[in-house]
Amino acid sequence: MGTTGTIAAGCEDADRIQGLLALHEAALESMAHGLCMLDGALRVALFNRRFMDLYRFSPKVLRTGATLRRLVEHGAECGHYPAAKVDEVYRRLMDQIARGEPFALRRQLANGRTFLLRYRPVAEGGWVILL
């Protein structure tokens with residue numbers, strides 16, 4: 001195969017990948033549940049708008065690369081629990097994560113809504129959080 005054929009095949013692959021990414025994004029944004037995925041370093045890898053809206057997180061904070069610690073701090077800023085409890089909330093969360101097994105936490109938000117957050121480990125070392 002010549003250079004032109006190689007370039008054309010590369011463009012077709014890129015188009016196919018772009019199409020798949022668009023499908024994944026549409027599926028993620030169409031979910032009734034909120035979803036947030038953390039990588040092995042416990043940084044946000046991806047999330048859907050529903051997660052941000054349900055948990056009332058600011059888009060300035062909930063973004064790719066944000067640490068789990070920062071999300072816990074922001075939870076207090078949003079009034080989900082007192083700022084004095086950030087260390088305790090984070091420690092309990094890290095204790096659960098250290099076990100490496102799925103778990104669920106019930107959280108009552110400042111607006112009175114109660115959510116069940118389900119945490120599931122993924123093979124690559126990260127976590128999926130469903131809300």
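**Figure 1. The whole chain at a glance.** Of the 131 residues in the protein chain, 31% count as buried; buried here means under 20% relative accessible area, exposed means over 50%, and partly exposed is what falls in between, using a 1.4 Å probe and protein chains only. This is a predicted model, so local features need pLDDT of at least 70 and side-chain atom pairs count only at pLDDT 80 or more, while totals for chains, interfaces and linings use all residues. Residues are numbered from 1 along each chain as its sequence is written, and side-chain values use heavy atoms, with hydrogens and water left out. The chain's secondary structure comes to four helices and five strands, taken as DSSP runs numbered from the N terminus (helices are H or I with at least four residues, strands are E with at least two). Reading from the N terminus, the elements go α-β-β-α-α-α-β-β-β. Among the chain's contacts with a separation of 6 or more, 33% are made by residues 24 or more positions apart; a contact means heavy atoms within 4.5 Å.

Figure 2. Helix α4 covers residues 86-99, and at 1.5 Å a residue its 14 residues should span 20 Å; the end C-alpha atoms are 20 Å apart, which agrees. The expected span is 1.5 Å times one less than the number of residues. Val86, Val89, Leu93 and Ile97 are the buried ones to look for in α4. They cover an arc of only 75° around the axis, which puts them on the same side of α4; that arc is taken from the directions from the helix axis to the C-beta atoms. An α-helix has 3.6 residues a turn, so residues three or four places apart point the same way. As for packing partners, the buried residues of α4 sit against α3 (68-77), β3 (103-108), β4 (114-121) and β5 (127-130). Just after the helix comes glycine 100, with a positive phi of about 70°.

**Figure 3. Helix α3 and what covers it.** In α3, the buried residues are Leu68, Leu71, Val72, His74, Gly75 and Ala76. Their cover includes β1, β2 and α4. Glycine 79 follows α3 and has a positive phi, near 85°.

**Figure 4. Histidine 80, in the loop between α3 and α4.** Is histidine 80 buried or exposed? Histidine 80 is buried, at a relative accessible area of 7%, and belongs to the loop between α3 and α4. Its side chain reaches the backbone oxygen of tyrosine 55 at 2.7 Å. That is a polar contact, meaning a pair of N or O atoms within 3.5 Å; within protein, one must be able to donate a hydrogen and the other to accept it, and residues adjacent in sequence count only if both atoms are side-chain atoms. Leaving aside residues up to four places away in sequence, histidine 80 touches Tyr55, Arg56, Gly75, Gln108, Leu109 and Ala110. Alanine 83 lies in that loop between α3 and α4 too, but it counts as exposed at 60% relative accessibility.

**Figure 5. Threonine 67, in the loop between α2 and α3.** Threonine 67 belongs to this loop and is partly exposed, with a relative accessible area of 25%. A polar atom of its side chain lies 3.0 Å from the backbone nitrogen of arginine 70. Threonine 67 also touches Leu42 and Arg43, not counting residues up to four places away in sequence. The C-alpha atoms of threonine 67 and valine 44 are separated by 6.4 Å, though the two are 23 residues apart along the chain.

Figure 6. Most residues other than glycine have a negative phi. Leucine 42 has a positive phi near 60°; look for it in the loop between β1 (35-38) and β2 (44-47), where leucine 42 is buried with a relative accessible area of 12%. Arginine 56 likewise has a positive phi near 60° and is found in the loop between α2 (49-55) and α3. Arginine 56 counts as exposed, at 52% relative accessibility.

Figure 7. Ring pairs link Phe51, Tyr55 and Phe57 into a cluster. Rings of Phe, Tyr and Trp (its six-membered ring) pair if their centres lie within 6.5 Å; planes under 30 degrees apart count as stacked, over 60 as edge-to-face and the rest as tilted. Searching the whole structure turns up five aromatic pairs. Elsewhere, the charged end of arginine 69 sits over the ring of tyrosine 90, 5.0 Å from its centre; this needs NZ of Lys or CZ of Arg within 6 Å of the ring centre and within 35 degrees of the ring normal.
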